[in-house]
Amino acid sequence: MPGLAIIGNCCADLYIPPHEPPPAGGIERIPRPRVELGGNGANTAVTAARLGVSTALVGVLGDDIFGRHLRQSLEADGIDLSLLALREDCGAPVTLVLNDQDGERSFVHYGGSNDAWEMPAAVVETSWKVFHMAAPELLGVFWPGPCLEAAAALKKTGAELSLDVFVPQDAPGRLEDPAEAHAPLLGLADMVFPNEHEAAAVTGRDNIGDMLACLRDMGVEIAVIKRGDRGAAVSWDGRVEDIPAAQVRAVDTCGAGDNFVGAFLAGRMNGLDPLECAKLGCELGTLCVQQTGSVTASSNAARLEEILERHGIG
């Protein structure tokens, strides 16, 4: 089995080009739409696999035309799907990405198999070097109880537990306190990858240094805060480093954080220290935003080879 296992949402992103809304009962012709692989788990797995890491995506996926398309895409990147179970009683998740004439986006989402997500029993029985949870909060009934139980079981196997959290920026009427809800899982995690907003939410702190210190106090060995076009901050072994991101024209920021994490994990699997892992993550995040689609830019094998060689991986 691969050394890196990833759980997280996997969905089909349906991009609808900018257009004028049709009149009631009418029709509006549009340029060709696109169907892209999407979802935190899938994006992270694809990035790691394209960087040469033997990677498994595990969980469940609806068995319909979208689910079969997603499986084909993942298999084409060499991702192990032996523990990605198919469910015939629901469809695969689909997000309709609507673009207006001003470039603004809105989304319509069908949760499908994400809403009924469960971890196959064989996952905990398998030996993994690193087990990464990509936004488990989005996996329906798996969050929070079953997720915490799975994390505790995986830790007992000796796997290094990695976590990329999801906390929405605007959640009116939210009943749970993010810091309280995440504290048990953060207490088990070896590596965490929140963005600035998420780090503030799960720690209750308001500056980067205090956020990192709080995560260290919880027992997190490697804490990384993703900062978008400002790069990332990483803390480990009593050290704190800021890694700048190259300044480029961003075309589409969707999936940039997932690309960062996938690259960081690839560096980790190849023996790089956390600083070099974060630099590799910043390179892939920066590469991602320069094209439309979460994993479009990383399909350039020649470019990836240059990046890997620069970081001493090959």
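Buried residues make up 51% of the 314 residues in the chain; buried means under 20% relative accessible area, exposed over 50%, and partly exposed in between, with a 1.4 Å probe and protein chains only. This is a predicted model: local features need pLDDT of at least 70, side-chain atom pairs count only at pLDDT 80 or more, and totals for chains, interfaces and linings use all residues. Residues are numbered from 1 along each chain as its sequence is written, and side-chain values use heavy atoms, with hydrogens and water left out.

**Whole chain**

Start with the cartoon view. The chain has 10 helices and 14 strands. Helices (H or I, at least four residues) and strands (E, at least two) are DSSP runs, numbered from the N terminus. The radius of gyration is 19 Å, close to the 20 Å that the globule rule gives for 314 residues, so the chain is as compact as a globular protein of that length. That radius is taken over C-alpha atoms, and the globule rule is 2.2 Å times the number of residues to the power 0.38. Along the principal axes, the C-alpha atoms fill a box of roughly 60 × 45 × 45 Å.

Of the contacts with a separation of 6 or more, 69% are between residues 24 or more positions apart. Now show the surface. The chain exposes about 14,000 Å², and carbon and sulfur atoms supply 50% of that area. Accessible areas come from the Shrake-Rupley method with a 1.4 Å probe; for residues, only the protein chains shown count as cover.

**Helix α1**

Select residues 40-50, which form helix α1. The helix is mostly covered, with 10 of its 11 residues buried. Among the buried ones are Asn40, Asn43, Thr44, Val46 and Thr47. Step on to Gly52, which follows α1 and has a positive phi, near 95°.

**Aromatic pairs**

Rings of Phe, Tyr and Trp (its six-membered ring) pair if their centres lie within 6.5 Å; planes under 30 degrees apart count as stacked, over 60 as edge-to-face and the rest as tilted. By this rule the count comes to four aromatic pairs. Select Trp117 and Phe142. They form an edge-to-face pair, 4.7 Å centre to centre, with 65° between the planes. The pair links distant parts of the chain, 25 residues apart. Trp117 sits in the loop between β8 (105-110) and α3 (121-124), and Phe142 in the loop between β9 (130-134) and α4 (145-156). Both Trp117 and Phe142 are buried.

Next, pick Trp128 and Phe131. This pair is also edge-to-face, at 6.4 Å centre to centre and 65° between the planes. Trp128 and Phe131 are both buried. Then select Phe193, Phe260 and Phe264, which form one aromatic cluster.

Move to Tyr15. Arg34 lies over its face, 4.4 Å from the ring centre. A charge sits over a ring if NZ of Lys or CZ of Arg is within 6 Å of the ring centre and within 35 degrees of the ring normal.

**The loop between β9 and α4**

Return to the loop that holds Phe142. A cis peptide bond joins Trp143 and Pro144, with omega about 0°. Ala135 has its place in this loop as well. Its phi is positive, about 50°, although Ala135 is not a glycine. Ala135 is buried, with a relative accessible area of 1%.

**Salt bridges**

The structure holds 13 salt bridges, each a side-chain nitrogen of Lys or Arg within 4 Å of a carboxyl oxygen of Asp or Glu. Select Glu160 and Arg268. Their side chains meet in a salt bridge (2.7 Å, N to O). Glu160 lies in strand β10 (residues 160-164) and Arg268 in helix α8 (residues 256-269), so the pair ties together parts that are 108 residues apart in sequence. Glu160 is buried at 14% relative accessible area, whereas Arg268 is partly exposed at 24%.

Now pick Asp63 and Arg68. The closest N and O atoms of this salt bridge are 3.2 Å apart. Arg68 is partly exposed at 42% relative accessibility, and Asp63 is partly exposed at 25%. For a network of salt bridges, select Glu196, Arg227 and Arg230.

**Last stop: β13 to β14**

Select Asp237, in the loop between β13 (232-236) and β14 (239-243). Its phi is positive, about 45°, although Asp237 is not a glycine. Asp237 counts as exposed, at 71% relative accessibility. Finish on Arg239 and Glu241, whose side chains meet in a salt bridge (3.1 Å, N to O). Arg239 is partly exposed at 38% relative accessibility, and Glu241 is partly exposed at 26%.

Conventions: Contact means heavy atoms within 4.5 Å.
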